[in-house]
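Here is a short report on one protein chain. Keep the sequence and the 3D view open as you read.

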Amino acid sequence: GQCTRTGMSECPAGAWPALPPEAAGGRVLYVQASASAEGADGTVEHPYPTLVGALQQAPAGAWVVLAEGVYAESFTLARSMHILGACAARVVVSLPSGSPYTVAIAGSGAGVTLDLAGLTARGGGVRASGGARVIAQRVRVEDAVTNGLVAAGQGSSVTATDVVVTRTTTAGTTLTHAVAVTDGASATLTRVALTQVAGVGIFATGQGSSADVSDVVIGPSTA
């Protein structure tokens, strides 16, 4: 976490992360795992207890803010959203059984963007497809039974800054990779650590697929 801004030093003193200036005037919904569902409306005083519950109420472009806790849920979005956790060391979105990815966004063309920051995705990867874009900052992806970061299909992209992908595992006889870019998609990686990967660190295949990397460390493979 010291090199990628995913450690305890990034955690705020209080329950909530500071909102960036670009959130001013936008819809903001708060989520706290220990909150009660009774009377929950997404305010600081009455946050939603689940991330999925907040996303169901959030319009496109909203800011969903997560307090410290473990959220045993996964989600797929088809509209733009900002999801901001307190910090990766204390906010975990943990994949329930039966879901291939912890976080997925599927676009129907350009312009659908998921801005993901300050959390850990555990048990499954983060995927952009259908021309959608994921922007991940200060994020950990760990113990994925799928590829860690995925951009799939023409126009889809993943931009990762200060990100750790660690401990990917094999799915049957298929190797999984820390970063997979397929079928004309792209990935941009800056200050990213890829460690204990079952397959390869960065796997790009298909015409037009690309990966632009800077300050990336690829650690030992477990294959």
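## Arg140 and its surroundings

Arg140 touches Thr6, Ala88, Leu119, Thr120, Ala121, Val164, Thr166 and Arg167, leaving out residues up to four places away in sequence. Contact here means heavy atoms within 4.5 Å. Arg140 is found in strand S10. Strands are DSSP runs of E with at least two residues, numbered from the N terminus.

The model is predicted: local features need pLDDT of at least 70, side-chain atom pairs count only at pLDDT 80 or more, and totals for chains, interfaces and linings use all residues. Residues are numbered from 1 along each chain as its sequence is written, and side-chain values use heavy atoms, with hydrogens and water left out.

Is Arg140 buried or exposed? Arg140 has a relative accessible area of 19%, so it is buried. Buried means under 20% relative accessible area, exposed means over 50%, and partly exposed lies in between (1.4 Å probe, protein chains only). The side chains of Arg140 and Glu142 are joined by a polar contact of 3.1 Å. A polar contact is a pair of N or O atoms within 3.5 Å; within protein, one must be able to donate a hydrogen and the other to accept it, and residues adjacent in sequence count only if both atoms are side-chain atoms.

## Asn147 in a loop

Asn147 lies in the loop between strand S10 (133-142) and S11. Its relative accessible area is 17%, so Asn147 is buried. What does its side chain reach? It reaches the backbone nitrogen of His177, at 2.6 Å. Leaving out residues up to four places away in sequence, Asn147 touches Tyr101, Gly125, Leu175, Thr176, His177 and Ala180.

Look at strand S13 (residues 179-182). Val179 and Val181 point one way, Ala180 and Thr182 point the other way, and all are buried.

Strand S11 (residues 149-152) runs parallel to S13, and four bridges join them. Two strands pair if DSSP finds at least two bridges between them. Ala151 has Val181 of S13 as its bridge partner. S13 also runs parallel to strand S15 (residues 202-205), again with four bridges. There, the bridge partner of Val181 is Ala204.

## Nonpolar cores

A nonpolar core is a set of buried Ala, Val, Leu, Ile, Met, Phe, Trp, Tyr and Cys residues joined through side-chain atoms within 4.5 Å. How many residues does the largest have? It has 49, and those with the most contacts inside it are Val64, Leu66, Met81, Ile83, Leu114 and Leu149. A second, separate core of five residues includes Tyr101, Ala104, Ala152 and Ala180.

Now take Leu149. Apart from neighbours within four places in sequence, Leu149 is in contact with Val126, Val141, Val158, Ala160, Val163, Val165, Ala178, Val179 and Ala180.

## One aromatic pair

A search of the whole structure finds one aromatic pair. The ring centres of Trp16 and Tyr30 are 4.9 Å apart and the planes are at 75°, so the pair is edge-to-face. Rings of Phe, Tyr and Trp (its six-membered ring) pair if their centres lie within 6.5 Å; planes under 30 degrees apart count as stacked, over 60 as edge-to-face and the rest as tilted.

The pair links distant parts of the chain, 14 residues apart. Trp16 is in the segment before strand S1 (28-31), and Tyr30 is in strand S1. Tyr30 counts as buried, at 15% relative accessibility.
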